Amino acid sequence: MSDLTPGIRPGRLDQPVLDANFSDLHPAFDRHEALVASDRCYFCHDAPCMTACPTAIDIPLFIRQISTGNAVGAAKTIFDQNILGGMCARVCPTETLCEQACVRNTAEEKPVEIGRLQRYATDVAMATGKQFYKRATPTGKRVAVIGAGPAGLACAHRLAMKGHDVVIYDAREKAGGLNEYGIAAYKAPNDFAQRELNYILAIGGITVENGKVLGRDFSLDELKQRYDAVFLGIGLAGVNGLNVPGEDLEGVEDAVDFIGRLRQSKTKADIPVGRRVVVIGGGMTAIDVAVQAKLLGAEEVTICYRRGKEHMNASEFEQDLAASRGVTIRHWLAPKSIIGKDGKVAGIEVDYTTIRGDKLVTTGETGVIAADQIFKAIGQKLEVPALEGLRLEGGRIVVDEEGRTSLEGVWAGGDCVLGGEDLTVSAVANGRDAAESINRQLMAASGRAAAVA
Ligand SMILES: Cc1cc2nc3c(=O)[nH]c(=O)nc-3n(C[C@H](O)[C@H](O)[C@H](O)COP(=O)(O)OP(=O)(O)OC[C@H]3O[C@@H](n4cnc5c(N)ncnc54)[C@H](O)[C@@H]3O)c2cc1C
Ligand code: SF4
């Protein structure tokens, strides 16, 4: 078995190679490296990095705390705003968020490494098991949170701090949402998603019920009757189709499902991958599935994107990462049909595309790329049968600035809401802010001042 063996097969690479391929993308700083990196911060007064962080972490403060040897204090500064600061430190596209705004870019084209410093501080605190937050006196209020992804967890933690009892229902076997089933394996190795989950739940007052599906096991109406408030953090469980002939052939797969299986595999040696892999899409999921297919031992991996490099949702850093791992990115190509042989994928026929006026059109030229595995990575969609009476727009839930939906007593946040950025850190911000809004409303309704944690 090697990268040249045709078909979709597991075990193309030896275990030591797989282990090395799926190890930490950005190894952690040690104490000395963290001190040196923190020394580069100017501690700007009007820090633009803070504004660029969706959770508004006080970045200059936590970096100063690291520079004075107070990593645990730095972690508290981070967790005050973002209880999933450990995961965000690993997965945030910092090059388009906080680090893009760093003033060091102007003089030196190299920002302060905010993400890695954040990881250093949160790792130190989590390793000691240090808990910074206690529950307020129980309020007697009960809140149902649907979805145990970043949005749901951030919401549940903030509500627990305020003294409310929270029950999280999640469809899947394990909690964590895409932190557990979606993020690329080399960004969160060593079971970090579950370790972070346990750290968050340690506050108490939060019960997690796995394998419970809204729309199958209970309805929104039932939840509204049983709880004082409901938060929907259900992400986007459905997948967009290519809608081209041959999509049903063996070997055409959904990228997010594949990544989920890969994440749940301990060794990666049991995950079958093609010799020639084609990925359709231009976002983070396309890059992640392409890079991981290559790391599993595929000989050729080609991403086909229907527009130009500058239109890709994947950041420059992600595109460079893919190129550095041997992935080819081809632009201005759209899928026309999947070519099959004996019921299995043998290749893909593509249309060349261009922009005329302001419209994306096909040029009339076509091409063929040989493939035995094709991944669909062209976006996800909301998929819940029972969102009675909720206002949706563009397939997402409409919320106001506090995360309130069109239904009284129901809030929502994260990927499932309209206007979201589809990032872990944005989901955390939504969940946290919705919890504050829920708390205000519950406390006002019971005639008490808003609970202060
Ligand atoms: C492959 C991939 C890679 C990504 N990589 C990055 C990255 O590197 N950096 C980054 O910032 N972002 C990344 N993202 C985006 C990020 O993962 C999401 O923005 C984030 O997870 C959204 O959080 P959420 O809580 O809204 O939803 P999710 O994480 O999707 O969690 C939703 C939860 O709701 C549950 N659920 C759904 N429907 C129901 C139901 N009917 N009943 C009960 N439970 C239900 C699901 O089981 C799930 O656990 C990636 C996304 C994908 C798909
Ligand atoms: S949470 Fe993300 S965007 Fe915010 S400071 Fe940390 S790494 Fe940067």
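The model is predicted, so local features need pLDDT of at least 70 and side-chain atom pairs count only at pLDDT 80 or more, whereas totals for chains, interfaces and linings use all residues. Residues are numbered from 1 along each chain as its sequence is written, chains are lettered from A and ligands numbered from 1 in the order in which they are written, and side-chain values use heavy atoms, with hydrogens and water left out.

**Exercise 1. Describe the surroundings of ligand 1.**

Step 1. Ligand 1 is surrounded by 35 residues, of which V91, D170, K187, L214 and D415 are the closest; a residue counts as near if one of its heavy atoms lies within 4 Å of the molecule.

Step 2. Sorted by class, this shell holds 18 nonpolar, 10 polar and 7 charged residues. Here Ala, Val, Leu, Ile, Met, Phe, Trp, Tyr, Cys and Pro count as nonpolar, Asp, Glu, Lys and Arg as charged, and the others, Gly among them, as polar.

Step 3. Next come the polar contacts, meaning pairs of N or O atoms within 3.5 Å. A polar side-chain atom of K187 is 2.7 Å from an oxygen atom of ligand 1. A polar backbone atom of A151 is 3.0 Å from an oxygen atom of the ligand, and a backbone N or O atom of A171 is 3.1 Å from a nitrogen atom of the ligand.

Step 4. On its own, ligand 1 has 1000 Å² of accessible area, and the protein covers 95% of it (Shrake-Rupley method, 1.4 Å probe).

Step 5. Two or more residues of the shell come from each of α9 (150-161), β2 (165-170), α13, α14 and α16 (424-445). The most are given by α14, with 3 residues. Helices (H or I, at least four residues) and strands (E, at least two) are DSSP runs, numbered from the N terminus.

**Exercise 2. Which classes of residue make up the shell around ligand 2?**

Step 1. The surrounding residues include C53, C88, C92, C98, N82, T94 and Q118.

Step 2. The shell divides into 9 nonpolar and 3 polar residues, with no charged ones.

**Exercise 3. How many residues of helix α13 are buried, and what covers them?**

Step 1. In α13 (residues 255-264), 7 of the 10 residues are buried, that is, under 20% relative accessible area (1.4 Å probe, protein chains only). They are A255, V256, F258, I259, G260, L262 and R263.

Step 2. Their cover includes α10 (178-181), α11 (192-201), β6 (252-254) and α14 (284-296), where contact means heavy atoms within 4.5 Å.

Step 3. At the start of α13, a side-chain oxygen of D254 comes within 3.3 Å of the backbone nitrogen of V256.

Note on methods:
Buried means under 20% relative accessible area, exposed over 50%, partly exposed in between (1.4 Å probe, protein chains only). A polar contact is a pair of N or O atoms within 3.5 Å; within protein, one must be able to donate a hydrogen and the other to accept it, and residues adjacent in sequence count only if both atoms are side-chain atoms.
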